[in-house]
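Subject: Structure handover

Hello,

Here is the structure I promised to pass on. Please open it beside this email and follow along.

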Amino acid sequence: MKTQIKQVRTTLTATLLKPVQLGIMALLCGTILFGCSSGDNESNSTEAQEETGIAGQEEAPAEEAPAADNGKGIGPVTTVEVGAEIDDALATTGQSLFEGKCSACHQLSDQKVVGPGLAGVTERRKPEWIMNMIINPEEMTKKDPEAKKLLAEHLTQMTNQNVNEQDARAILEFLRKNDKAS
C-alpha cells in the first residue's frame with residue numbers, strides 16, 4: 001500500500017505539480033521581462049518628452065515671452081477709474097458675486113484656503129491687475145510675473161469663473177471695501 005501511495009504521489013508530482021511549477025516560473029519570468037522592458041519604454045518616453053520639451057521651449061519664447069510688467073497684468077482691463085470713496089451699491093453686488101464665485105477658494109483675511117487670502121490685495125496690486133486676474137486667470141498665470149509667482153506658491157491654477165468686466169469691477173469694489181474696513 002505504501003508503495004502504491006508513493007507511486008501515486010510521484011505520478012501526481014510529475015504530471016500535475018511540475019507543469020504548474022513550470023507555469024508559475026514562466027509567469028514570473030514573463031512579469032520580470034515585461035517589467036524591465038516597460039521601464040525602458042518609460043525611460044525612453046521620458047527622454048523623448050524631455051527632448052520634445054526642449055525643442056518646444058526653443059519655439060515657445062516668442063509666444064511666452066514675459067510681457068512688460070506695468071503692474072496692470074495681462075487682459076482686457078487697461079484702465080480703471082476708482083473713486084476715493086467706496087461705491088456701496090457696487091460693493092454689495094461684488095459681495096454677492098464674490099460669495100458665489102470666489103469664496104470657495106479665497107478668504108477675505110490673510111488665510112490661505114486654496115488660493116491666497118485677499119486681505120490687503122487692493123493695497124498690493126493695481127485695480128487693473130486684480131480685474132485682469134479675475135477675468136483672465138489662465139493667461140495671467142502664464143505671462144504675468146506676479147501671477148506666475150502666486151501659481152508657483154499655491155500650486156493651483158485659478159479657475160476661470162467667466163466673470164465679465166462689469167462684474168469684475170464690482171468684485172474689485174467689494175475687495176476695496178473689505179480692505180478699508182480692516
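How many salt bridges does the count come to? The count comes to 6 salt bridges, where a salt bridge is a side-chain nitrogen of Lys or Arg within 4 Å of a carboxyl oxygen of Asp or Glu.

Some ground rules first. This is a predicted model, in which local features need pLDDT of at least 70 and side-chain atom pairs count only at pLDDT 80 or more, while totals for chains, interfaces and linings use all residues. Residues are numbered from 1 along each chain as its sequence is written, and side-chain values use heavy atoms, with hydrogens and water left out.

Helices are DSSP runs (H or I, at least four residues), numbered from the N terminus. Buried means under 20% relative accessible area, exposed means over 50%, and partly exposed lies in between (1.4 Å probe, protein chains only).

**Salt bridges**

Start with E139 and K143. Their side chains meet in a salt bridge at 3.1 Å, N to O. The two are 4 residues apart in helix α6 (residues 137–143), so about one helical turn separates them. E139 is partly exposed, at 29%. K143 is partly exposed too, at 24%.

Next, R169 and E173 form a salt bridge at 2.7 Å, N to O. They sit 4 residues apart in helix α8, so about one helical turn lies between them. R169 is buried at 16%. E173 is buried at 1%. Salt bridges with shared partners also join R125, E146 and K149 into one network. Within it, K149 and E146 pair at 3.4 Å, N to O.

**R176**

Now look at R176 in helix α8 (residues 165–181). Is R176 buried or exposed? R176 counts as buried because its relative accessibility is 10%. A polar atom of its side chain lies 2.5 Å from the backbone oxygen of G83. Leaving out residues up to four places away in sequence, R176 touches several residues, among them V82, E85 and T122. Contact here means heavy atoms within 4.5 Å.

Most residues other than glycine have a negative phi. Which phi does L155 have? L155 has a positive phi of about 60 degrees, and it is not a glycine. L155 lies in the loop between α7 (145–154) and α8. L155 is exposed, at 70%.

N162 is in the loop between α7 and α8. N162 has a positive phi of about 55 degrees, and it is not a glycine. N162 is exposed, at 67%.

Best wishes

Conventions
A polar contact is a pair of N or O atoms within 3.5 Å; within protein, one must be able to donate a hydrogen and the other to accept it, and residues adjacent in sequence count only if both atoms are side-chain atoms.
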